[in-house]
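Here's a quick tour of a two-chain model with a ligand. Have a look at the structure first, then read on.

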Amino acid sequence: MFVFYGDTISLFQVLSLVLYLVLAPFAGGLIAGIDRKVTARMQGRVGPPIVQPFYDVAKLWKKEPVTVRTGAQDFYVLCCLIFMIIAGSFFFFGFNLLMVIFTLTTASIFLVIAGYSSNSPYAQIGAERELLQMMSYEPMVLLTAVGFFMVNSSFNSATILTSPYLSIQYMPGLFIGLVFVLTIKLRKSPFDLSMSHHAHQELVKGLTTEFSGRTLAQLEISHWYENIMLLGFVFLFFTNGSWLMVIVGIVVVIVVYFVEILIDNVCARMKWQFTLKSAWIITLIFGGGNLFVLYYLRGYLWMASQYQ
Amino acid sequence: MAAITKSPWIIHYDGSSCNGCDIEVLACLTPMYDVERFGIINTGNPKHADILLITGAVNAQNIPVVRQIYDQMPSPKIVVAIGVCAANGGVFKECYNIAGGVDRVIPVDVYVHGCAARPESIIDGVVKGLGVLAEKQAALASGETDPDVSGAYLFDPVSYAEKGDIENGDAEGAKDRSEAEEEAAK
Ligand code: SF4
């Protein structure tokens, strides 16, 4: 443990940061591969090998660059990747959750700008839908951070990780809400409006229509980093400093991801109106309701401590 | 092995086929044949695609479309012509508006036989094309210039009609026409 500008930084934090930077692309790529395999099995197909996403990225990396507006578009996608990595680094280093969320938003905004900067109508409509998606999930993600603060008295993910309070006990509503918006974040049906993993949609490939070769590969890698961080968020609900809960947390993360794949496979795509409305209603009921209860619980506990 | 042979993404275009071969292309994606096990994805987007699957003999109106799609695909890329129509025009060969085969418009790397081509042979054709794809990538990596541009294949329907006349044994007709044109020019 050492002190850096007045903050104590543990070796564990540094280690988890390094592990994230090195391992997240591998883990993220594997998860994407398993996702495709499970999806194929659900549809009665054999499916690609689990390492398929790595083949895809390796191939894309060697393709001829054909971007029309090279300066703008490729730069914005690169920024998206860099900010995604920074956001994840903040999270795994144990920084402020709000900081993580705002950096994540910056990354997404760069993606939207990249979509707008191409002159393809498909990409531009995709970018508009991406903005709508951000509008849908952003409030819920922020409320989750607030919930973590109310339970653990800190926004720092390192503190939340080691605090003795089991967050899920106090914020089950926020958990349900977060899993709901995770469907949007992971770009699963019914909310894969802006871009889709599946072919022949009305928007061709939506936001990514004009990305190709290396740019597309960078975007794919940024998804891997992002997904690992999002699953980290889910994991954070199940930590109270004990090893048992670490195992429980990992199991829950796997179950949540499986449920997302299932939802992806049984749902048709919805319109953006439904996405926005349902996400906000869920945010209000589960997120807001949970915070409301927490707020009174804290007040009650505070009063009880005064009268002892 | 080059990664490109493990992750060939396709785009499919119907250049005025009877739709028979198209249905067979789509059949390859079903659980029955499941081409995704080879990493093949139907992208529907030329900028993501490595392989252009094209059916039909290509008519005068979709010549620019085919060329546009082909030119938008980043190299290395291959074209697989599916069905007899795509090979030489097939039953549509003698139509006035038909180019008579995909290779009159863009370079073709693999021809898949059949009317309609069976899904098995389509998959065979694509897998055969992977070797070509790997060769092309190696060639590009060693600094060779990209031969895959549609410009060299400029197709002029009128002169083809004359050529068609000759090919079909109607040399007289071709002569008549060229004479008539010369007259008109005078
Ligand atoms: S080859 Fe036969 S089935 Fe295929 S497009 Fe031509 S006519 Fe139709």
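Chain A has 11 helices and two strands (DSSP runs, H or I over at least four residues for helices and E over at least two for strands, numbered from the N terminus). Along the sequence the pattern reads β-β-α-α-α-α-α-α-α-α-α-α-α. This is a predicted model: local features need pLDDT of at least 70 and side-chain atom pairs count only at pLDDT 80 or more, while totals for chains, interfaces and linings use all residues. Residues are numbered from 1 along each chain as its sequence is written, with chains lettered from A and ligands numbered from 1 in the order in which they are written.

On overall shape, the C-alpha atoms of chain A fill a box of roughly 70 × 45 × 40 Å along the principal axes.

Axes here are lines fitted to C-alpha atoms over the stretch in contact, and angles run from 0 to 180 degrees between N-to-C directions.

| Helix pair | Angle | Axis distance |
|---|---|---|
| α8(A) (172-185) and α11(A) (272-306) | about 160° | 7 Å |
| α1(A) (11-42) and α9(A) (213-236) | roughly 95° | within 8 Å |

The angle makes α8(A) roughly antiparallel to α11(A) (over 145 degrees). Their contact includes G173(A), G177(A) and F180(A) from α8(A), and A279(A), F286(A) and G287(A) from α11(A) (C-beta atoms, placed from the backbone, within 7 Å). By class, that contact has eight nonpolar, seven polar and no charged residues (Ala, Val, Leu, Ile, Met, Phe, Trp, Tyr, Cys and Pro are nonpolar; Asp, Glu, Lys and Arg charged; the others, Gly among them, polar).

α1(A) and α9(A), in turn, are roughly perpendicular to each other (65 to 115 degrees). Among the residues that meet are P25(A) and G28(A) in α1(A), and W224(A) and Y225(A) in α9(A).

How many residues of chain B are in contact with chain A? There are 19, against 25 residues of chain A. The chain B side has five nonpolar, nine polar and five charged residues.

Last, the ligand: 13 residues surround it, the closest being S17(B), G20(B), G83(B), C85(B) and C115(B) (C-beta atom, placed from the backbone, within 6 Å). α1 (20-27) and α3 (83-88) of chain B each give two or more residues to this shell, and α3(B) gives the most, with three. The shell divides into seven nonpolar, six polar and no charged residues.

Notes. Two residues are in contact if their C-beta atoms, placed from the backbone, lie within 7 Å. Angles under 35 degrees count as roughly parallel, over 145 as roughly antiparallel, 65 to 115 as roughly perpendicular and the rest as oblique.
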